[in-house]
Amino acid sequence: MTVVAEPFTFASDGTTLAGTVSRPDQAPPSGAVLLLSGSGPQDRDETIAGHEPFAVLAAALAERGWLVLRWDDRGVDASGGDYLAANAEQLGRDVLAALTELETTYGALPMCLAGHSQGALIAADVAAQWADRVAGVALLAGMATPGREGLLQQHLEVCRAEGLPEVVTESLLQFKHTAFDALSAAQADIDAGVDVASRLTELRRALLSLWLDGQDVETLDADTRAQTEAAVDDLLEWEWRYLIEVQPAVRLSQLQCPVFAVFGGRDVQVAAAANETALRRALADGPGVVSAIHVLTNYNHLFQVDNSDDALPYEALGTPFAAPVPDLLAQWLDKTIA
């Protein structure tokens, strides 16, 4: 099937976001799929380590008869705004704005949200809040365990994959426990109305002291100081506080539309076993939606095939969203959403 790729823009809360629609050229699409990217400011292709996961997935689904929208996050490439000044609620409103503009431009189509990693959390949130607008949700390596639990599990998986000694792993784990406590306390204060800027300044001082075990940052050489401050400043971004506090099961149990989920057995960011179990439990607590859940043994977080003894970096592996992921998703879409 011939695929057309065309530019697409939409406005969300006064900000123009830009992306690409991929669609079949010769026939009306079966429906629309909106691709929601993972954490951090991402371009429309979710480019990482030389790969373009969303470009691959969009082309595969469009070739199977679906209209697919992907867009640059706020402040990335052709999109306006500032991702780091946003929050999860803002990303959800961006998705809703995209849905509205798609309906205006291409007519009434069944709309499915396909979220990768953090994007799966946003997809579930939007689908639960606006059930009448969403025909289905696809969770691609999406977290279902409580956020803090998932991040700590991610830490253990990454340390094991890197072969770190147990004593180092435990030391880093303790740091994360203490840092997460500080982040949670700061978010509670912000939610209670404390001035955000002053609270984050205070949090930065506390995290620097924790990171350096009380050593004054001014005593470090220039390079070490820059690296340390960059690492701490990363922890100040809103996504850390969001992910630590998020309870995915709340929204997952509220879903009323069909759910597709796929996990990679070699994923060190979203552990397959724990999250599959949590997802099944959450859906069972809900209104009884139809679900299709898959665990692919030798696939990583980008759904690249990894048959090595040690988990290899993304840049060393082949195409993301490798077969059978697009086939499984397309089959589910054709059967359940079209």
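A polar contact here is a pair of N or O atoms within 3.5 Å; within protein, one must be able to donate a hydrogen and the other to accept it, and residues adjacent in sequence count only if both atoms are side-chain atoms. Keep that in mind for S79: a polar atom of its side chain lies 2.9 Å from the backbone nitrogen of A18. This is a predicted model, in which local features need pLDDT of at least 70 and side-chain atom pairs count only at pLDDT 80 or more, while totals for chains, interfaces and linings use all residues. Residues are numbered from 1 along each chain as its sequence is written, and side-chain values use heavy atoms, with hydrogens and water left out.

Let's stay with S79 for a moment. You'll find S79 in the loop between β4 (67–71) and α2 (88–106); helices (H or I, at least four residues) and strands (E, at least two) are DSSP runs, numbered from the N terminus. S79 counts as buried because its relative accessibility is 6%, buried being under 20% relative accessible area, exposed over 50% and partly exposed in between (1.4 Å probe, protein chains only). Leaving aside neighbours within four places in sequence, S79 is in contact (heavy atoms within 4.5 Å) with T16, L17, A18, D72, D73 and R74.

Now for the sheet. Its eight strands form an open, mixed arrangement in the order β1-β2-β4-β3-β5-β6-β7-β8, where two strands pair if DSSP finds at least two bridges between them. β1 (3–12) and β8 (291–296) are the edge strands, each with a single partner, so one side of each has no neighbour in the sheet.

Finally, look at α10 (residues 272–284). Which residues of α10 are buried? They are A272, N275, A278, L279, A282 and L283. Seen down the axis of α10, these fall within an arc of 140°, so they line one face of the helix; the arc is that of the directions from the helix axis to the C-beta atoms. They pack against β6, α9 (248–252), β7 and β8, while the face turned away carries the exposed A273, R281 and A284.
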